[in-house]
Each structure stands twice: as C-alpha cells, then as structure tokens.
Amino acid sequence: EWNERKQNEGRAFLRQHARPPMELPWLMKDPNHSAYLPELLEEFPDAKLIFTHRNPGEIIPSLAKLFVVFTAPDAIPGAVGSSAKEWGEETVKRMNHYSGGLVDFTMAQNNVSSPYSFPSGGTSRIDLSFVDVRRDVQGAIGKIYEQLYPDQPLTSNKATRAFKKYLEQNEREKHGNQRRSLEDFHLSKEDVAFRGYNEMFLN
C-alpha cells in the first residue's frame, strides 16, 4: 500500500509543485502520513515532524461530512457505501489508521534501540497542543523555529507583522460553521474514544 501511495501521490505532488531551491524545505501536510512515518523517514531521513494534537473524536463529524460532500457528485443515491452511517464507520476506520500509526511510531521512537529513535526536544520532531496553537498561532510558530531550527534566526519583525495581518484577515470560522454531529453519522462518543491516542498525547 505504501509503495503504491508513494508512487501515485509522489508523482502528483511533483506535478503540482515545482521543486523548491535546496535551501527551502518542502512543506507536506496529509493525515495519511501519520500511518507511514517510518517509510517517510526512509525517503526523507532529514525530515522535521510537526504534530498538533487534539482529540480525534472532536473532528469526526466534520471529516465525515467532508467525505460526503466530496463524493456526492459521483455517488448514486442509495448505493452501497453512500449512507451517512457507512460514512461514519469509514471515517472512524480511517482515523484509527492515522492515529494508530502515530501512536505506534511514537512508541518505537521512545525505544532507544529503534532506528527511528530521536530525543525529545531535539531538532527532528515537535509536538504541540491544537488548543495552544489556536490560542497563539504566532507563539507556536516561534516554538517550532526555536526547537527545529536553533541555528537560524527567528522570524523577522516584517514577517511577524505580515502574518499578524493575515490572521486578522482570515479569522477562524469567519464564514460561519456548518452544523454536524456524531448523531448525523450514527456514531456515539464511545465509538470515537480513541483512548490510546488521547492517553499518549493529551493526558
């Protein structure tokens, strides 16, 4: 599965993004990466990993609705796999895949004999709380630079002012928030407990 994803998505990424100058890093964001972190590090051994953690159960309704909206144009009403209940189950399955991959990777990383072990607080990985990032986006970015790029200067005053202006112009949920709930997808709080992930990263 990883080899197929690497070939298909890697080629698609290169088609969409010209390779940047070597002094500039690629920025790649995809929840699927969480399930293939060892494979990603084999391809990009100098990668820097940035994780923002929140309770996965909180975003299940939103993610399920996103799947429904994206697939609706191609779905035949009433077809197998198109019901709200089935999309709820599929979304939980996918989230278990993502979160489980990150839990397994972190457990291996904490094992000093693991090939993926690197010290907490090092320059290869940083873990942030989504709540903290949302409360102070600029502060979170400062932490990322400080930990992952200790030999480089922090953001300039000009960059800070530009980013502050961007945040003011693009407030979170400024266009409103669509209603969605677990009940819309026949799910309960128990279905989306994600205990292993929450115990490792949020407790």
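Helix axes are lines fitted to C-alpha atoms over the stretch in contact, and the angles between them run from 0 to 180 degrees between N-to-C directions.

**View 1. Helices α6 and α7 cross in this predicted model.** The axes of helix α6 (residues 137-148) and helix α7 (residues 157-169) come within 10 Å and cross at roughly 140 degrees, which makes α6 oblique to α7. The crossing of these two helices is right-handed. On the α6 side the contact is made by Val-137, Gln-138 and Ile-141, while α7 contributes Thr-160, Phe-163, Lys-164 and Leu-167.

**View 2. The largest nonpolar core has 13 residues.** Those with the most contacts inside this core are Ile-60, Val-92, Met-95, Leu-182, Leu-187, Val-192 and Phe-194. The elements that give two or more residues to the core are α3 (60-71) and α4 (84-109).

**View 3. Val-192 and the residues it touches.** Leaving aside residues up to four places away in sequence, Val-192 touches Asn-55, Gly-57, Ile-60, Val-92, Leu-182 and Leu-187.

**View 4. A second, separate core has 10 residues.** Among the residues of this core are Leu-37, Phe-51, Leu-102 and Phe-201.

**View 5. Confidence along the protein chain, expressed as pLDDT.** The chain averages a pLDDT of 83, and 80% of the residues score at least 70. Among the elements of the chain, helix α8 (residues 195-201) has the highest mean pLDDT, 94, whereas helix α1 (residues 2-16) has the lowest, 56. Where pLDDT is low, the predicted coordinates should not be read in detail.

Conventions. Residues numbered from 1 in each chain as written. Predicted model: local features only at pLDDT ≥ 70, side-chain atom pairs only at ≥ 80, totals over all residues. Heavy atoms only, no water. pLDDT = per-residue confidence, 0-100. Helix = DSSP H or I, 4+ residues; strand = E, 2+ residues; numbered from the N terminus. Core = buried A, V, L, I, M, F, W, Y, C linked by side-chain atoms within 4.5 Å. Buried < 20%, exposed > 50% of the residue type's maximum accessible area, 1.4 Å probe, protein only. Contact = heavy atoms within 4.5 Å. Parallel < 35°, antiparallel > 145°, perpendicular 65-115°, else oblique. Left-handed = near helix turned anticlockwise from the far one by under 90°.
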